[in-house]
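Reader: I am new to this structure. Could you walk me through it?

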Amino acid sequence: MTRAVLFDVDGVLVHGYRARPERQIRWDENLLADLGVDPERFRAEFICNIFIKKVIIGQMPLIEALERVLPSLGYNGSAMHFVSYWLSHDSNVNQRLLDVVRRLKQVNDEGSTSPPTRTTCAPSGSG
């Protein structure tokens with residue numbers, strides 16, 4: 001029997017923005033100190049503007065959109081470096097849940113943590 005357990009990613013397997021602000025882990029918390037970009041301005045001038053209006057719907061590539069906006073926010077580095085920073089800080093993996101997933105993966109259908117027994121059929125001799 002095949003078993004499957006599905007987990008939501010955003011807010012379950014990966015911590016991040018949530019409906020309850022006290023539980024949010026913001027990727028841009030140190031954006032000003034690390035890259036010189038004010039996170040409130042980034043949200044207002046990029047996320048709530050060109051990102052939602054053009055990037056999300058596929059009318060403009062992310063890198064192109066960032067290259068247009070970042071200089072006006074005081075960032076003169078590469079857009080690729082900015083994206084790398086963004087993605088590396090936006091993926092706060094829920095390690096406790098991943099540990100549970102690993103344990104579930106080790107348990108076979110009979111509830112044992114030993115590997116399931118597999119039967120293989122060797123070809124019989126000629127004749």
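Reader: What share of the 127 residues in the chain is buried?

Author: This is a predicted model, where local features need pLDDT of at least 70, side-chain atom pairs count only at pLDDT 80 or more, and totals for chains, interfaces and linings use all residues. Residues are numbered from 1 along each chain as its sequence is written, and side-chain values use heavy atoms, leaving out hydrogens and water. Buried means under 20% relative accessible area, exposed over 50%, and partly exposed in between (1.4 Å probe, protein chains only). By that cut-off, the buried share of the 127 residues is 24%.

Reader: Which residues of H4 are buried, and within what arc do they fall?

Author: The buried residues of H4 are Ala-79, Phe-82, Val-83, Tyr-85 and Trp-86. They line one face of the helix, because seen down its axis (taking directions from the axis to the C-beta atoms) they fall within an arc of 160 degrees.

Reader: Which exposed residues sit on the face of H4 turned away from its buried side?

Author: An α-helix has 3.6 residues a turn, so residues three or four places apart point the same way. On the face of H4 turned away from its buried side, the exposed residues are Met-80 and Leu-87.

Reader: Which helices are among what covers the buried residues of H4?

Author: Contact means heavy atoms within 4.5 Å. The cover over the buried residues of H4 includes helix H1 (31–35), helix H2 (39–55) and helix H3 (62–69).

How values were computed:
Helices (H or I, at least four residues) and strands (E, at least two) are DSSP runs, numbered from the N terminus.
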